[in-house]
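Let's take a walk through this model together. Have the sequence and the 3D view open as you read.

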Amino acid sequence: MPTIQRDALHAFVDRQLLKIESTPIPPELTGLGASERLRPDEIQALWFGAGIASQIGMVLALEPGTFVEPWPEVEDDQEPSAEPGTPVEPQPEIVEQPPAAA
């Protein structure tokens, strides 16, 4: 049964949070905050939220096997039959005909 590798996940999140907290807020966000009448603490919270979503969320979405063990393997018979980059054959277009006049 798969389990979450909590130690690895916690260590990863801690490293990413240090990066997020130590990265200065870009001037574009500060300017946006001024035009939207956001307080400095709201701008900081927005920056942290964006950092968490981008730095942590993408890895968890794209590489979940890093933190879930064992990650299920795809068996050969479950893989798509077409090779990558193989064009899909077009399907014939179905055109409805109006009913015949009586």
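This is a predicted model: local features need pLDDT of at least 70, side-chain atom pairs count only at pLDDT 80 or more; totals for chains, interfaces and linings use all residues.

## A trio of charged residues

E42 is partly exposed, since its relative accessible area comes to 31%.

E42 has a partner: R39 forms a salt bridge with E42, with the closest N and O atoms 3.6 Å apart. R39 also forms a salt bridge with D41, and here the closest N and O atoms are 3.2 Å apart. Put together, R39, D41 and E42 are linked in a network of salt bridges. The structure holds two salt bridges. Here's how accessible these residues are:

| Residue | Relative accessible area | Class |
|---|---|---|
| R39 | 48% | partly exposed |
| D41 | 46% | partly exposed |

## The chain as a whole

Stepping back, the chain has three helices and two strands. Read from the N terminus on, its elements run β-α-α-α-β. There are 102 residues in the chain, and buried ones make up 11% of them. The accessible surface of the chain is about 8,900 Å², with 60% of it belonging to carbon and sulfur atoms. As for contacts between residues at least 6 apart in sequence, 68% join residues at least 24 apart.

## A closer look at helix α1

Which residues of α1 are buried? They are L9, F12, Q16 and I20. Seen down the axis of α1, these buried residues fall within an arc of 75°, so they line one face of the helix. They pack against β1 (3-4) and α3 (40-62). Over on the other side of α1, you'll find D7, L18, E21 and S22 exposed.

Q16 deserves a stop of its own. This residue is found in helix α1, and it counts as buried because its relative accessibility is 7%, with the cut-off for buried being under 20%. What does the side chain of Q16 make a polar contact with? The partner is the side chain of Q55, at 3.3 Å. Leaving out residues up to four places away in sequence, Q16 touches Q55 and I56.

Key. Residues are numbered from 1 along each chain as its sequence is written. Side-chain values use heavy atoms; hydrogens and water are left out. Buried means under 20% relative accessible area, exposed over 50%, partly exposed in between (1.4 Å probe, protein chains only). Helices (H or I, at least four residues) and strands (E, at least two) are DSSP runs, numbered from the N terminus. The arc is that of the directions from the helix axis to the C-beta atoms. Contact means heavy atoms within 4.5 Å. A polar contact is a pair of N or O atoms within 3.5 Å; within protein, one must be able to donate a hydrogen and the other to accept it, and residues adjacent in sequence count only if both atoms are side-chain atoms. Accessible areas come from the Shrake-Rupley method with a 1.4 Å probe; for residues, only the protein chains shown count as cover. A salt bridge is a side-chain nitrogen of Lys or Arg within 4 Å of a carboxyl oxygen of Asp or Glu.
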